[in-house]
Amino acid sequence: MPDDGPRTPPTPDESPAVPIPPPQDSPPQDPPSRRAAAPFDSEDADFIINTSDGVNFYVYRVILALGSDLAKDLAPASASSGRPTVVVPEDSETLEAFLRVCYPLADAEVLSLSLLRKVLTAGIKYDAPAVVAAMRTAMVQPRFLDADPV
């Protein structure tokens, strides 16, 4: 291949077109929040927990306080709803399983080791002995031992 000598950079007319995003008038917005499914959607609940993926769980503080330090330890922010609201780093799948153990409901259905690990971590973090015990019991179920033996 013959050498044509030193190359000069392309002029602005020759450079490839690269799309430039239009300037934004405001910073990107968080995804809109949505209400959790029953039983965590009650209008008369006195506390709201907002998850990292934008789901609002309407809960009763007294029930939550019986099974966890979550309601005691987190300082609520004021909310437009007039109810104390806390934002937690957990996603809605993790928080729903966590709350199902704390509430007097049917046991939480934890179908993956990944979810089990997240719920167990939340149980330890929020000092919820019932959640920790439920996840430790779930950990030794045959479906988990068969899939990932210790």
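This is a short chat about a predicted model of one protein.

Colleague: What is the mean pLDDT of the protein?
Modeller: The mean is 79. Of the residues, 69% reach 70 or more.

Colleague: Where is confidence lowest, and where is it highest?
Modeller: Helix H2, residues 70–73, is lowest, with a mean of 68. Strand S3, residues 55–59, is highest, at 95.

Colleague: OK, the fold. How many helices and strands?
Modeller: Six helices and four strands. From the N terminus, the order is β-β-β-α-α-β-α-α-α-α.

Colleague: What share of the residues is buried?
Modeller: Of the 150 residues in the protein, 33% are buried.

Colleague: And what share of the contacts comes from residues 24 or more positions apart?
Modeller: Counting contacts with a separation of 6 or more, 53% are between residues 24 or more positions apart.

Colleague: Switching to H4 and H5. At what angle do their axes cross?
Modeller: At roughly 155°. H4 covers residues 113–125 and H5 covers residues 129–139. Their axes come within 8 Å.

Colleague: So is H4 roughly parallel or antiparallel to H5?
Modeller: Roughly antiparallel, because the angle is over 145 degrees.

Colleague: Is the crossing left-handed or right-handed?
Modeller: The crossing of H4 and H5 is left-handed.

Colleague: Which residues meet there?
Modeller: From H4, Leu116, Val119, Leu120, Gly123 and Ile124. From H5, Val131, Val132, Met135, Ala138 and Met139.

Colleague: How many of those are nonpolar, polar or charged?
Modeller: Nine are nonpolar and one is polar. The contact has no charged residues.

Colleague: Which one is polar?
Modeller: Gly123 in H4, since Gly counts as polar here.

Technical notes
Residues are numbered from 1 along each chain as its sequence is written. This is a predicted model: local features need pLDDT of at least 70, side-chain atom pairs count only at pLDDT 80 or more; totals for chains, interfaces and linings use all residues. Side-chain values use heavy atoms; hydrogens and water are left out. Axes are lines fitted to C-alpha atoms, for helices over the stretch in contact, and angles run from 0 to 180 degrees between N-to-C directions. Helices (H or I, at least four residues) and strands (E, at least two) are DSSP runs, numbered from the N terminus. Angles under 35 degrees count as roughly parallel, over 145 as roughly antiparallel, 65 to 115 as roughly perpendicular and the rest as oblique. A crossing is left-handed if the near helix is turned anticlockwise from the far one by less than a right angle, and right-handed if clockwise. Contact means heavy atoms within 4.5 Å. pLDDT is the predictor's confidence in each residue, from 0 to 100. Buried means under 20% relative accessible area, exposed over 50%, partly exposed in between (1.4 Å probe, protein chains only).
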